[in-house]
Amino acid sequence: MLPLPELPVELTIERLGQLGEGVASWQGRTVFIPGAFPGDTVRVHLEAQGRVLRGLLRQVVTPGPDRRAEPCVYSSECGGCDWLGLAEPAQRTAKQEIVLSTLEHLGHLSRESFTVRPLLVAPRDWGYRRRAVLHPTGKGTLGYFGRRSHERIPVSACGALTPVLTGLPGKLAPLLKPLAKDTEEVLLLAEGDKAAFAVNLTGPVTARHVEAAEGAVRALRLEGAVLVPKEGSPRLLGKPALRSFSPLRPEVPLYLRPDAFAQAHAEANVGLVTAAVYELGARETDSVLELYSGNGNFTFPLAAVSASVLGVESSPVGVELAQRSAREGGVGNVRFIQGDARKACDGLVAEGRKFDVCLADPPRAGAPGLAKWMTALGVRRVVYVACDPASLARDAAGLVEAGYKPVALQVVDMFPQTHHVEAVMSFERGPGAA
């Protein structure tokens with residue numbers, strides 16, 4: 001193998017990789033270059049990271065046709081919006097292609113073997129994020145992680161956040177100074193014009209923590225806060241559970257809390273839920289198994305078109321919020337199990353339970369073993385909601401091997417200005433499958 005040159009080399013970016021980096025070639029080897037976009041001619045310093053060759057961007061010699069000025073003062077350092085310099089139409093084309101090519105190369109699923117639906121475009125490209133994760137910087141400020149590093153970049157305001165959250169990082173940091181040494185991360189959440197925050201602590205909750213957090217809630221006129229100790233139950237201050245409404249079922253309240261998962265883009269989430277419900281195609285006589293059900297984001301729309309829904313969720317907070325929604329919304333055909341999806345599925349199989357259809361919305365690591373459970377539970381149709389193309393490809397391959405046929409793919413642009421993407425993929429049990 002040739003030694004790497006000490007001086008920067010000039011390369012042309014050919015495409016975007018799965019993790020959002022520009023991809024170029026040098027001496028027959030693939031080079032991944034963060035911050036570079038297709039058509040760019042760049043000067044980079046080559047660096048080997050294990051077997052992977054990366055290029056540290058030193059200069060954009062000639063910008064590609066889709067490169068643009070980045071409308072953020074933090075963009076050169078912040079790791080949040082890694083595609084801010086790429087025009088939105090190019091972002092959308094790249095996301096669709098990344099999901100399809102990952103399914104082909106990792107999952108060995110030809111794109112001709114299923115229906116590829118047009119990408120669902122997010123209604124807002126900027127100022128849309130209703131949640132954020134911030135970290136204390138050690139300098140009395142809050143910030144985001146840097147690009148491909150855990151270096152903390154201080155941020156006083158963030159234009160990617162919804163208007164009620166935009167200036168909150170700078171306003172909240174001095175008020176939470178008494179907690180700074182004990183803080184792991186600060187979580188922001190908004191719903192409309194209401195906001196709340198949570199603090200994940202490195203140890204127990206103390207009176208000093210409570211006093212500072214309550215002071216911040218009052219001073220900034222927030223709804224509430226949650227202090228989350230390393231061990232034990234969260235401490236709720238004020239009313240941190242923000243009331244929203246269930247997508248497709250506005251008569252059912254949906255509750256969000258800053259210490260629990262929520263989709264980042266409220267408007268795009270409606271499209272995501274609509275796509276998932278459509279792809280599942282549940283009948284009014286069907287029993288639905290929903291894995292990783294969270295706070296009930298998909299649950300109540302599914303309950304409206306089926307006989308029953310059983311939701312499985314590991315987060316106690318998620319289950320608590322979903323049960324509150326069911327109770328207040330008068331939804332009687334849903335039930336929730338709090339626990340690990342794998343153990344819950346093993347238990348359902350042992351009980352001899354059967355389900356007609358299943359919706360799974362796993363975290364980034366995916367749902368290893370999903371195909372085995374679907375087969376054992378007699379599920380005829382599966383919809384997989386994915387936030388990681390590689391996990392989707394792996395689990396899709398498992399479903400196909402178990403006799404499920406890929407039906408359709410719907411990519412959703414849930415995270416404009418970033419390489420992150422959501423995908424909804426449906427599978428149906430083939431005739432004669434064991």
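View 1. The buried residues of α1 pack against β2 (15-16), β7, α10 (389-401), β22 (404-412) and β23 (422-429). Packing here is a matter of contact, that is, heavy atoms within 4.5 Å. "Buried" stands for under 20% relative accessible area, "exposed" for over 50%, and "partly exposed" for anything in between (1.4 Å probe, protein chains only). Among the buried residues of α1 are E88, A90, Q91, I98, V99 and L103. Helix α1 covers residues 88-105, so to speak, with 18 residues reaching 25 Å from first C-alpha to last, close to the 26 Å expected at 1.5 Å a residue. That expected span is 1.5 Å times one less than the number of residues in the helix. Helix and strand names follow DSSP runs, numbered from the N terminus: helices are H or I with at least four residues, strands are E with at least two.

A note on the model: this is a predicted model, in which local features need pLDDT of at least 70, side-chain atom pairs count only at pLDDT 80 or more, and totals for chains, interfaces and linings use all residues. Residues are numbered from 1 along each chain as its sequence is written, and side-chain values use heavy atoms, with hydrogens and water left out.

**View 2. The whole protein, before zooming back in.** The protein has ten helices and 23 strands. Its radius of gyration is 23 Å, close to the 22 Å that the globule rule gives for 434 residues, so the protein is as compact as a globular protein of that length. The radius is taken over C-alpha atoms, and the rule is 2.2 Å times the number of residues to the power 0.38. Along the principal axes, the C-alpha trace spans about 65 × 60 × 35 Å. Buried residues make up 52% of the 434. Of the contacts between residues at least 6 apart in sequence, 62% join residues at least 24 apart. The protein exposes about 19,000 Å², and carbon and sulfur atoms supply 54% of that; such areas come from the Shrake-Rupley method with a 1.4 Å probe, and for residues only the protein chains shown count as cover.

**View 3. The eight-stranded sheet.** Follow the order β7-β22-β23-β21-β20-β17-β18-β19 and you have walked across an open sheet with mixed pairing. At the edges sit β7 and β19 (334-338), each pairing on one side only. Two strands count as paired if DSSP finds at least two bridges between them. β7 and β22 pair in the parallel sense over two bridges, and V116 has L409 in β22 as its bridge partner. Strand β18 (residues 308-313) is mostly covered, with five of its six residues buried.

**View 4. The six-stranded sheet.** This open sheet runs β1-β5-β6-β4-β3-β2, again with mixed pairing. Its edge strands are β1 (9-12) and β2, each pairing on one side only. Look for β5 (residues 41-49) and β6 (residues 52-62): they run antiparallel and nine bridges join them.

**View 5. A122, tucked into a loop.** A122 belongs to the loop between β7 (115-116) and β8 (131-136). With 6% relative accessibility, A122 counts as buried. Leaving aside neighbours within four places in sequence, A122 is in contact with H265, A268, D413 and P416. E267 is 145 residues away from A122 in sequence, yet their C-alphas are 7.2 Å apart in space.

**View 6. E191 and its partner R130.** E191 is part of strand β11 (residues 183-191) and, at 17% relative accessibility, counts as buried. The side chains of E191 and R130 are joined by a polar contact of 3.1 Å. A polar contact is a pair of N or O atoms within 3.5 Å; within protein, one must be able to donate a hydrogen and the other to accept it, and residues adjacent in sequence count only if both atoms are side-chain atoms. Not counting residues up to four places away in sequence, E191 also touches L242, R243, S244 and L256.

**View 7. Two loop residues with positive phi.** Most residues other than glycine have a negative phi. H108 is not a glycine, but has a positive phi of about 55 degrees. H108 lies in the loop between α1 and β7 and is exposed, with a relative accessible area of 67%. Q417 has a positive phi too, near 75 degrees. Q417 sits in the loop between β22 and β23, where it counts as buried at 2% relative accessibility.
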